[in-house]
Amino acid sequence: MNSPEHIDYLAIGHICHDLTAKGRVIGGAAAYGTAMADVLGCRSAVVTSSAPEDDWHAELPNTFIHDIPASNTTLFENKDTPTGRVQTIHAVADRISSSDVPAAWQRASIVHVGPIANEVDPQAIDLFSNSVVGLAPQGWLRHWDKDGRITCKRWSAAAEYLRLAAAVFISEEDLLNSQMLDEYRRWSRLLVVTEGAQGCTLYFENETLHFPVTSVPVVDTIGAGDIFAAAFLVRLYQTGGSPSAAAQFANKVASLSIGVAGLREKMAVISQELAEK
């Protein structure tokens, strides 16, 4: 596809492979975010990096993809255990810098910066002075040992960059302690903490608002947080800045996504449900 002059929704971060019992499947905040934005009628694009043999267009047929060639594609393996999820990273693609973002895409209406393996230079955020920027710092909060076993760490640049985003998204699983929550609340204009089956909590303008979610059968939670963030950002933009409306909509969409497995299957269910409303 020829790159258009204007993009509604731009994601920055690695499209990756997730290693499952059924083999490798597409993953990453950039993949789920742009797929969700496409369902919501946005012209979407992604800046990513992966091995040349990987072609993401089958899974993301309507997304414009700027892919930086790398020796490897980022590869994650997730295992659920009685004490929580164990995550291992087996390979990492190349770093994404400001210079990798096409000039025309720097005017995107919505930008979702979603690193998954410390691969995005945070200075790229400075490119988007006229965009609604959503920042999901999970990839900057990850550290892994020589065996690829991932643990959480502090992001030393958080105070500098969180304040530049219209909304910051973080899972309660990534919060190291209450001090980190207090800091992120102070540094963010709008902090959204996703809480799985409990919904989400918003912190903005000295307010704390919790939005519960209806309990639904769970088949696959992969990508739910990324789908939530994309739906939140699109609705925030569409409403001219209503966090409450965005949270309610994102909760609903993320809940729909966990009832099936697979990116395309999730998008089909969400699209059908929204079309019926």
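**Exercise 1. Determine how many residues of strand β14 are buried, and describe how its side chains are arranged.**

Solution. Strands here are DSSP runs of E of at least two residues, helices are runs of H or I of at least four residues, and both are numbered from the N terminus. β14 is mostly covered, since five of its five residues are buried, where buried means under 20% relative accessible area, exposed over 50% and partly exposed in between, using a 1.4 Å probe and protein chains only. Cys-200, Leu-202 and Phe-204 point one way from the strand, while Thr-201 and Tyr-203 point the other way. The model is a predicted one, in which local features need pLDDT of at least 70 and side-chain atom pairs count only at pLDDT 80 or more, whereas totals for chains, interfaces and linings use all residues. Residues are numbered from 1 along each chain as its sequence is written, and side-chain values use heavy atoms, with hydrogens and water left out.

**Exercise 2. Find which strands pair with β14, and in which sense.**

Solution. Two strands pair if DSSP finds at least two bridges between them. Begin with β13, which runs antiparallel to β14 and is joined to it by five bridges; here Val-193 has Thr-201 as its bridge partner. These two strands form a hairpin with five residues between them, and Gly-196 in the turn has a positive phi of about 60°. Next comes β15 (residues 207-211), which also pairs with β14 in the antiparallel sense, over five bridges, with Phe-211 as the bridge partner of Cys-200. In this second hairpin two residues lie between the strands, and Glu-205 in the turn has a positive phi of about 50°.

**Exercise 3. Identify the residues with the most contacts inside the largest nonpolar core, and the element that supplies its largest share.**

Solution. A nonpolar core is a set of buried Ala, Val, Leu, Ile, Met, Phe, Trp, Tyr and Cys residues joined through side-chain atoms within 4.5 Å. The largest one has 45 residues, and Tyr-9, Met-36, Phe-169, Leu-202 and Phe-232 have the most contacts inside it. Its largest share, nine residues, comes from α4.

**Exercise 4. Explain what the salt bridge between Asp-220 and Lys-266 ties together.**

Solution. A salt bridge is a side-chain nitrogen of Lys or Arg within 4 Å of a carboxyl oxygen of Asp or Glu, and for Asp-220 and Lys-266 the closest N and O atoms are 3.4 Å apart. Asp-220 lies in the loop between β15 and α4 and Lys-266 in helix α6, so the pair ties together parts that are 46 residues apart in sequence. Both Asp-220 and Lys-266 are buried.
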